[in-house]
Amino acid sequence: MSNLPQISEAEFEVMKIVWKYAPISTNEITEKLTQTSSWSPKTIQTLIKRLVSKKALTYEKQSRVYTPLVKEDEYIRQESNSFLKRYYNDNITSMLASYIEDDKLSEEDIASLRNLLSNH
């Protein structure tokens with residue numbers, strides 16, 4: 001996995017729309033985000049431009065649509081690994097113990113984890 005661009009939380013909201021609906025136009029992105037946020041169309045266009053300059057999105061002039069250059073699963077994996085390193089010294093056992101102790105994992109989550117671990 002290559003080193004992916006740093007994406008802010010606001011930019012991540014734009015990326016979620018593009019990942020879900022690509023190829024997608026500026027107007028469609030704006031329409032979807034104004035339904036779920038208080039951002040102005042100009043703010044959304046600025047976020048889109050930043051993502052293009054960071055090479056997270058590409059814009060095709062002929063079709064006038066945006067598509068992602070960064071794969072969603074790769075980006076989420078990178079961010080998860082970064083979080084794990086930053087807050088848990090790269091120790092997933094410590095992270096899971098923290099979640100279990102704080103009752104952040106449901107019985108269903110724990111069962112899913114057990115199943116996942118037993119299959120690996």
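Q: Helices here are DSSP runs of H or I with at least four residues, strands are DSSP runs of E with at least two, and both are numbered from the N terminus. With that in hand, where does Lys55 lie?

A: Lys55 sits in the loop between α3 and β1, the strand covering 57–60. Keep in mind that this is a predicted model.

Q: Thanks! What is the phi of Lys55?

A: Lys55 has a positive phi of about 65 degrees, although it is not a glycine. For context, most residues other than glycine have a negative phi.

Q: Is Lys55 buried or exposed?

A: Lys55 has a relative accessible area of 60%. Exposed means over 50%, so Lys55 counts as exposed.

Q: What about Asp90, what does phi look like there?

A: Phi of Asp90 is near 65 degrees, a positive value in a residue other than glycine. Asp90 belongs to the loop between α4 (72–88) and α5 (92–101).

Q: And why is Asp90 called partly exposed?

A: Its relative accessible area is 46%.

Q: Switching to peptide bonds: which residues does the cis one join?

A: The cis peptide bond joins Ala22 and Pro23, with omega at about -5 degrees. Pro23 is in the loop between α1 and α2 (26–36). Most peptide bonds are trans.

Q: Which residues does Thr67 touch, leaving aside its neighbours within four places in sequence?

A: Thr67 is in contact with Val18, Ala22, Pro23, Ala56, Leu57, Thr58 and Glu60. That list takes in both partners of the cis bond, Ala22 and Pro23. Thr67 itself is found in strand β2.

Q: Is Thr67 buried or exposed?

A: Thr67 has a relative accessible area of 18%. The cut-off for buried is under 20%, so Thr67 is buried.

Q: How are β1 and β2 arranged?

A: β1 and β2 run antiparallel and are joined by four bridges. They form a hairpin with four residues between them. Tyr59 stands opposite Tyr66 in β2.

Q: On to the helices: how do α1 and α3 pack?

A: Helix α1 (residues 9–21) and helix α3 (residues 41–53) meet at an angle of about 90 degrees, with their axes 10 Å apart. Angles of 65 to 115 degrees count as roughly perpendicular, so α1 is roughly perpendicular to α3.

Q: Who makes that contact?

A: Ala10, Glu11, Val14 and Met15 come from α1, while Leu47, Ile48, Arg50 and Leu51 come from α3. By class, the contact has six nonpolar, no polar and two charged residues.

Q: And α4 with α5, how do their axes cross?

A: The axes of α4 and α5 cross at roughly 80 degrees and come within 9 Å. That makes α4 roughly perpendicular to α5. Phe83, Leu84 and Tyr88 in α4 meet Ile92, Ser94, Met95, Ser98 and Tyr99 in α5.

Q: How many nonpolar, polar and charged residues are in that contact of α4 with α5?

A: The contact of α4 with α5 has six nonpolar, two polar and no charged residues.

Notes. Residues numbered from 1 in each chain as written. Predicted model: local features only at pLDDT ≥ 70, side-chain atom pairs only at ≥ 80, totals over all residues. Heavy atoms only, no water. Axes fitted to C-alpha atoms, helices over the stretch in contact; angles between N-to-C directions. Parallel < 35°, antiparallel > 145°, perpendicular 65-115°, else oblique. Contact = heavy atoms within 4.5 Å. Nonpolar A, V, L, I, M, F, W, Y, C, P; charged D, E, K, R; others polar. Buried < 20%, exposed > 50% of the residue type's maximum accessible area, 1.4 Å probe, protein only. Pairing = 2+ DSSP bridges.
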